[in-house]
Amino acid sequence: MTFFNDWVDYFPDLLGGLGVSLQLTLVTLLIGLPAGLVLALAAGSKKRVVRVVAIGVIEVGRGTPALVVLQLFYFGLPTAGMTLTSFVAASLALAFTTAAYTSEILRGGLQAVPSGEVEAAHALGMARGDILRFVVIPQGIRIAIPPLMGFAIMVFQATSLAYTIAMPELMSQAYSIGSITFRYLSILTLAGLMYALITIPASSLSNFVEYRLARHR
Amino acid sequence: MEHLSVVAQGVSMTLLLTLSSLLFGAIGGIPLVLARRSRLALVRFTARALIELLRGIPPLAWLFIIYFGVGTGVIELSSFAAAVIGFGLVSSAYMAEIYRGGLTAIHDGQWEASDALGLSHAATLVTIIGPQVLRVSIPAAATFAIGLLKDSSVASVIGVQDTIYWASHESTVTGDAIVPFLWAAGLYVAMTIPCAWATRLLDAKLRKRVAR
């Protein structure tokens with residue numbers, strides 16, 4: 001029964017940590033998704049230099065573990081004269097990884113827009129920028145929504161890495177309570193279940209959205 | 001360059017941890033996918049709940065539960081053992097879903113043909129369907145393995161001496177917080193490239209032996 005007593009006692013503290021994790025997820029996505037779209041467009045650019053630079057950034061971002069990027073931003077940037085708070089460092093580092101991964105998802109979505117529609121828009125005399133803005137991007141993003149939702153769930157899980165830079169998110173709250181009370185098993189299990197409580201319904205939602213969007217095509 | 005020799009010490013640990021966890025997952029995924037497709041609703045439901053929990057909780061949380069939770073109270077575990085168990089369990093769930101995808105790719109006619117030849121359900125699964133599922137699962141498993149190689153860096157948090165562990169160590173010792181991490185990043189990228197190349201080759205070879 002001590003298991004459940006612990007859960008009742010420490011749930012409020014962990015809830016605060018969960019709030020921080022969710023905030024970090026939101027900020028990461030708000031920075032990372034637009035950056036991912038820019039990278040996706042740049043990777044398909046007509047200019048060779050732009051294309052090479054964008055693909056280089058994407059490959060480095062996808063090839064490097066998020067933990068390495070996080071440590072580099074938090075411990076490395078201050079020595080270069082930029083001191084960041086753990087929240088800012090964590091959101092920028094995770095946003096970099098997010099941008100690299102989502103650019104590939106978005107590129108897949110943009111390429112899935114039928115080329116006949118682009119040709120039709122050309123024939124109607126639309127400018128290239130307008131074709132992107134009104135024809136390609138809205139449809140491409142729509143196609144990319146289910147995989148993007150899946151990725152957002154991975155970002156939420158990845159916020160647990162911010163434990164390593166002393167950010168008071170769910171994992172570090174659970175660990176610090178554990179190290180004070182020595183009730184590691186019950187507290188850490190509760191923290192794990194709180195992650196699952198968000199991720200499992202979220203992935204069902206993403207499956208549902210995928211099913212609904214597929215119906216209209 | 002002097003940083004590189006220190007950071008590179010962890011490469012063998014990163015590879016060992018990734019391969020051990022992948023092997024654990026490749027084997028553990030088999031009973032999970034069979035249970036997931038069981039005729040008994042209770043078994044099916046339990047397997048599904050297990051897969052969802054294993055995938056829904058971050059790897060770092062699993063490592064903490066196993067290393068600090070189980071490892072301090074119930075049985076003593078080394079950080080490497082805890083990491084292999086943690087990543088192995090998570091991998092089992094992902095591999096089970098990959099196998100499930102592979103199973104649907106095998107033509108129904110093969111089940112029917114085996115049935116017509118008088119093979120039992122178990123014999124069909126082991127000798128006909130299973131080997132083909134393993135082959136068609138390779139591309140998805142390889143993508144997962146490359147992700148796992150990068151995720152394995154999380155094990156440094158519980159003290160496994162892998163690539164990023166030595167990068168942090170080197171940066172604390174020398175006070176240079178940029179170059180050791182850049183070397184670590186470079187090493188991870190360098191490790192993933194041959195993996196991707198090798199799996200493309202392996203996939204092309206094994207794919208020839210799957211009936212259409």
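This is a short talk about a two-chain predicted model, taking chain A, the contact between the chains, and then a piece of chain B.

Residues are numbered from 1 along each chain as its sequence is written, and chains are lettered from A and ligands numbered from 1 in the order in which they are written.

Let's start with chain A. Its secondary structure comes to 8 helices and 0 strands; helices here are DSSP runs of H or I with at least four residues, strands are E runs of at least two, and both are numbered from the N terminus. Along its principal axes, the C-alpha trace of chain A spans about 70 × 50 × 20 Å. Of the 217 residues in chain A, 43% are buried. Buried means 20 or more other C-beta atoms within 10 Å of the residue's own, exposed means 12 or fewer, partly exposed is in between, and the C-beta atoms are placed from the backbone. Now contacts: two residues touch if their C-beta atoms, placed from the backbone, lie within 7 Å. Take the contacts in chain A between residues at least 6 apart in sequence, and 76% of them join residues at least 24 apart.

What does UniProt say? An unreviewed entry lists "transmembrane region" for residues 20–42, 49–74, 80–101, 143–165 and 185–209 of chain A. A caveat on that: positions are in the numbering used here, feature names are shortened, and annotations may be inferred rather than shown by experiment. In the model, residues 80–101 of chain A are 73% helix and 0% strand, with end C-alpha atoms 27 Å apart. Residues 143–165 of chain A come out at 70% helix and 0% strand, and there the ends are 36 Å apart.

For chain B, the unreviewed entry in UniProt has residues 12–34, 60–90 and 181–202 under that heading. Residues 12–34 of chain B are 100% helix, with 34 Å between the end C-alpha atoms. Residues 181–202 of chain B are 100% helix too, and 32 Å end to end.

So how do the chains meet? Chain A puts 30 residues into the contact and chain B puts in 29. On the chain A side, α2, α3, α7 and α8 each give two or more residues, and α8(A) has the largest share, with 10. By class, that side has 18 nonpolar, 12 polar and no charged residues. Nonpolar covers Ala, Val, Leu, Ile, Met, Phe, Trp, Tyr, Cys and Pro; charged is Asp, Glu, Lys and Arg; the others, Gly among them, are polar.

One residue I'd click on is B:Ser153, in the loop between α8 and α9 of chain B. Is B:Ser153 buried or exposed? Buried, because it has 27 C-beta neighbours inside 10 Å. Leaving aside neighbours within four places in sequence, B:Ser153 touches A:Pro65, A:Leu67 and A:Val68 from chain A, plus B:Asp162, B:Thr163 and B:Ile164.

Last stop, a helix pair in chain B. Which residues of α8(B) meet α10(B)? Among them are B:Ile138, B:Ala142 and B:Leu149.

How values were computed: Predicted model: local features only at pLDDT ≥ 70, side-chain atom pairs only at ≥ 80, totals over all residues.
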